[in-house]
Amino acid sequence: MDETEFWEIVDSTREAAEGDPEDHAELLVDRLLRADPESVLDFARHFESRYNRAYRWDLWGAAWVLLGGASDDAFDYFRCWLIGQGREIFEGALHDPDSLAESLPDFDEEVDGDGEELGYAADEAYEELTGAVATDLGIPPAPTEPEGTPVDFEDAAALARLYPLLTERFG
């Protein structure tokens, strides 16, 4: 599976779910169940690589403002959700986390921002297809600390300077 196919699967299942993260995860599992086990592992590699790439302080700060706070777990689930939003939003957020204020016009704080189940979709499909737990994906390990300069989440003025658009809309 190449990167284009990965994003096509993410996009088509999100659109079919009409943006609902839980429905998106269910549809993603259903879609992966139509693939062979190696393709499911390829999907998992693409997902995990992007998940690790998004482990950044600047993105965590943006999630903090967007969600009104983001614990370690909440940021993990946010990164899964962000991947689920598709390539354009994901890459845009990595380039400029404050751009999420403009790229998420229909953001619903009650539903959006938590894609925990998306993070398990490939594992669930692989196990259902093979009866076994997914093997090591063979990708570099996840970083132990977020990339970049730490953000003081408790400093509202600093957050407003770093994320003016997000602060205006969600802060």
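What follows is a close look at one helix and its surroundings.

Colleague: Let's pick helix 3, please: which residues of helix 3 are buried, and what covers them?

Modeller: Happy to, but keep in mind that this is a predicted model. Helix 3 runs over residues 37–53. Let's start with a quick check of its length. Helix 3 has 17 residues, and at 1.5 Å a residue they should span 24 Å; the end C-alpha atoms are 24 Å apart, so the two agree.

Now to your question. The buried residues of helix 3 are Ser-39, Val-40, Leu-41, Asp-42, Phe-43, Ala-44, His-46, Phe-47, Arg-50, Tyr-51 and Asn-52. The cover over them includes helix 1, helix 2, helix 5, helix 6 and helix 8. Let's go through two of these neighbours in turn.

Take helix 8 to begin with, which covers residues 116–130. The axes of helix 3 and helix 8 come within 9 Å and cross at roughly 165 degrees. An angle over 145 degrees counts as roughly antiparallel, so helix 3 is roughly antiparallel to helix 8. Their crossing is left-handed. On the helix 3 side, the contact is made by Pro-37, Val-40, Leu-41, Phe-43, Ala-44 and Phe-47. Facing them from helix 8 are Leu-118, Gly-119, Ala-122, Ala-125, Tyr-126, Leu-129 and Thr-130. Sort the residues of this contact by class and you get 11 nonpolar, 2 polar and no charged.

Next comes helix 5, residues 72–84. Helix 3 and helix 5 pack with their axes 9 Å apart, at an angle of about 125 degrees. That makes the two helices oblique to each other. Helix 3 passes helix 5 in a right-handed crossing. Here Phe-47, Arg-50, Tyr-51 and Asn-52 of helix 3 meet Asp-76, Arg-79, Cys-80 and Ile-83 of helix 5. This contact has 4 nonpolar, 1 polar and 3 charged residues.

Phe-75, Phe-78, Arg-79, Cys-80, Trp-81, Leu-82, Ile-83 and Gly-84 are buried in helix 5. After helix 5 comes Gly-86, whose phi is positive, near 105 degrees.

Helix 2 and helix 8 have axes 8 Å apart and an angle of about 30 degrees. An angle under 35 degrees counts as roughly parallel, so that is the label for helix 2 and helix 8. The crossing of helix 2 with helix 8 is right-handed. Helix 2 brings Pro-21, His-24, Ala-25, Leu-28, Val-29 and Leu-32 to the contact, and helix 8 brings Glu-117, Leu-118, Ala-121, Ala-122, Glu-124, Ala-125 and Leu-129. By class, that contact divides into 10 nonpolar, 1 polar and 2 charged residues.

Phi of Glu-18 is near 55 degrees, a positive value in a residue other than glycine. Glu-18 is exposed, with a relative accessible area of 75%.

Note on methods:
Residues numbered from 1 in each chain as written. Predicted model: local features only at pLDDT ≥ 70, side-chain atom pairs only at ≥ 80, totals over all residues. Heavy atoms only, no water. Axes fitted to C-alpha atoms, helices over the stretch in contact; angles between N-to-C directions. Helix = DSSP H or I, 4+ residues; strand = E, 2+ residues; numbered from the N terminus. Parallel < 35°, antiparallel > 145°, perpendicular 65-115°, else oblique. Left-handed = near helix turned anticlockwise from the far one by under 90°. Contact = heavy atoms within 4.5 Å. Nonpolar A, V, L, I, M, F, W, Y, C, P; charged D, E, K, R; others polar. Buried < 20%, exposed > 50% of the residue type's maximum accessible area, 1.4 Å probe, protein only. Expected span 1.5 Å × (residues − 1).
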